[in-house]
Structure formats: C-alpha cells, structure tokens
Amino acid sequence: MLVGALIVLGSACVAADDAYAAPTIEFSPVVPSRVSPSNPFTLEALVRTGGAAATIEWSADVDDAALLTRRRAVVDAGYVYLKLRAGVLAPDANYIFTLTASTPSGESAASIAIATNAPPAGGSFDVSPRAGAALDDFRFSLEGWADDDPPLVYAFAHVGRRGVR
C-alpha cells in the first residue's frame, strides 16, 4: 500500500575518487520482476561520491515504520544495501524505495519501484482419505490454481504440537 509517508532509515559514509563530482547512484537490477513477500529481499545500489564522504539515506513511501529501520542499512566499499526480512512486504503491492547521497559537492537521489507477487488463486485442495493412521497412504490433490509468476511450487508438511515436520 502506498500512502505517501517518508521514513528515513539512517545514514552511513561512502568514499570514492573525484572530490568535485556530485554523487551518482546506480541500482542493481531486481530479478525476478516481482519479488515474493515470503522471502527476504535485498536492494543493492552502487554509490559513487567522487572521494568525498557522503551521507546515505534510504526512504520509502510506506506506512509501516517497522519495514525500514536504521539497522537494515549496510555499507560495503561503495555498495549500499537495504535488507528486508521475509513477511514485511505485502503481497500484490507496489513500493518505491529512494536512496539519497549527500556530499559537500551536492546531493543525488535515485528511486526504484518494487512490485510483489500475489499468491496463487482460484484452486482447490483435497486430501483423501480425510482421516487415517500414521502409516496409511494419503492422496493430496491440487487443481485449478493459477499464478501470474509461474512455476507454482508445492510443499506438504505435517504441523503438530512440536511444529512443522
């Protein structure tokens, strides 16, 4: 959900070679085109500051302050990362993340749009027989499921008092 709130994540310093140039920002490509909100996700950008120390700030137009936190920003040799844990992005949503780099020579900002995948829809699930013992054979049937981002991957597990097995 896009709501227009601006949340600043934190800052870090990055250095490069030419002290008189304004910073430049280049995002690494996002693959696949839509990310799964069920998995952790990392945005990566290369920041060139021309040798000057820079203040780096991440922001996003989201309404969840827990989504973007200072400890999620990591800096390594000109590359800046924003790491998001699994489950913080909503399914079938669009987000715009912005990275701003400020030096004494100027300020630059770059944005990247991220779309999340929607869950599969329209199908049914059946188990036969519906009751049985531990060593009985069971048949799991999935029919009619559709997804905009194939392939569909299925996993079956037993969930008991001690968790998933």
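Here is our chat about this predicted model.

Trainee: What should I know before I start?
Mentor: This is a predicted model, so local features need pLDDT of at least 70, side-chain atom pairs count only at pLDDT 80 or more, and totals for chains, interfaces and linings use all residues. Residues are numbered from 1 along each chain as its sequence is written, and side-chain values use heavy atoms, with hydrogens and water left out.

Trainee: How many helices and strands does the protein chain have?
Mentor: Helices (H or I, at least four residues) and strands (E, at least two) are DSSP runs, numbered from the N terminus. Here the protein chain has zero helices and 12 strands.

Trainee: What percentage of the residues is buried?
Mentor: Buried means under 20% relative accessible area, exposed means over 50%, and partly exposed is in between (1.4 Å probe, protein chains only). Of the 165 residues in the protein chain, 31% are buried.

Trainee: Which residues have the most contacts inside the largest nonpolar core?
Mentor: The general idea first: in soluble globular proteins, nonpolar side chains tend to be buried together. A nonpolar core is a set of buried Ala, Val, Leu, Ile, Met, Phe, Trp, Tyr and Cys residues joined through side-chain atoms within 4.5 Å. The largest one here has 24 residues, and Ile 25, Phe 27, Leu 43, Phe 97 and Leu 99 have the most contacts inside it. Strands β1 (24–27), β3 (41–48), β4 (55–60), β6 (79–84), β7 (94–103) and β8 (106–116) each supply at least two residues of this core.

Trainee: What is Phe 27 in contact with?
Mentor: Contact means heavy atoms within 4.5 Å. Leaving aside neighbours within four places in sequence, the partners of Phe 27 include Trp 58, Phe 97, Leu 99 and Ile 112.

Trainee: Is Thr 116 buried, or what else? Where should I look?
Mentor: Look in strand β8, where Thr 116 sits. Thr 116 is buried, because its relative accessible area is 2%.
Mentor: Side chains of opposite charge can pair when their charged atoms come close. A salt bridge is a side-chain nitrogen of Lys or Arg within 4 Å of a carboxyl oxygen of Asp or Glu, and the count by this rule is two. In one of them, Arg 48 pairs with Glu 26, with the closest N and O atoms 3.7 Å apart. Arg 48 lies in strand β3 and Glu 26 in strand β1, so the pair ties together parts that are 22 residues apart in sequence. Another joins the side chains of Arg 130 and Asp 126 (2.6 Å, N to O). Arg 130 is exposed, at 72% relative accessible area, while Asp 126 is partly exposed at 30%.
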